[in-house]
Amino acid sequence: MFINGEKFEFTGEITISDLLKTHGFDCTRVAVERGGVIVRKGEFDSTKVVDGDKLEIVTFVGGG
């Protein structure tokens, strides 16, 4: 699997939600693209990541 262009190895089944939590992302402040398609936040818990997936994760930052 690739996250933002960087290769990652994992074992077993993992969902997008699990992946985000493992890598320290706040699930409420990110957008995830999987294979060029945006994954809806409501699908993070049920969308499994598989070998070869290419994910882009973007975090939202507030400021002024």
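1. In which sense do strand 4 and strand 7 pair, and over how many bridges? The pairing is antiparallel, and five bridges hold strand 4 to strand 7 (residues 54-59). Within this pairing, Val-32 faces Ile-57 of strand 7. Keep in mind that this is a predicted model.

2. As background, strands of a sheet pair through backbone hydrogen bonds, in parallel or antiparallel fashion.

3. Strand 4 (residues 30-34) and strand 5 run antiparallel, joined by three bridges. Arg-34 has Val-37 of strand 5 as its bridge partner. The two strands form a hairpin, with two residues between them. Gly-35 sits in that turn and has a positive phi of about 60 degrees.

4. Check the backbone at Asn-4. This residue is not a glycine, yet its phi is positive, at about 50 degrees. Most residues other than glycine have a negative phi. Asn-4 belongs to the loop between strand 1 (2-3) and strand 2 (6-7). Is Asn-4 buried, exposed or partly exposed? Its relative accessible area is 39%, so Asn-4 counts as partly exposed: the class runs between the 20% limit for buried and the 50% limit for exposed.

5. The structure has zero aromatic pairs. What lies over the face of Phe-2? Lys-54 does, at 6.0 Å from the ring centre.

6. Last, confidence. The average pLDDT of the chain is 91. A score of at least 70 is reached by 98% of the residues. Strand 1 has the lowest confidence, with a mean of 92, and strand 5 the highest, at 97.

Technical notes. Residues numbered from 1 in each chain as written. Predicted model: local features only at pLDDT ≥ 70, side-chain atom pairs only at ≥ 80, totals over all residues. Heavy atoms only, no water. Helix = DSSP H or I, 4+ residues; strand = E, 2+ residues; numbered from the N terminus. Buried < 20%, exposed > 50% of the residue type's maximum accessible area, 1.4 Å probe, protein only. Phe/Tyr/Trp six-rings, centres within 6.5 Å; stacked < 30°, edge-to-face > 60°. Lys NZ or Arg CZ within 6 Å of the ring centre and 35° of its normal. Pairing = 2+ DSSP bridges. pLDDT = per-residue confidence, 0-100.
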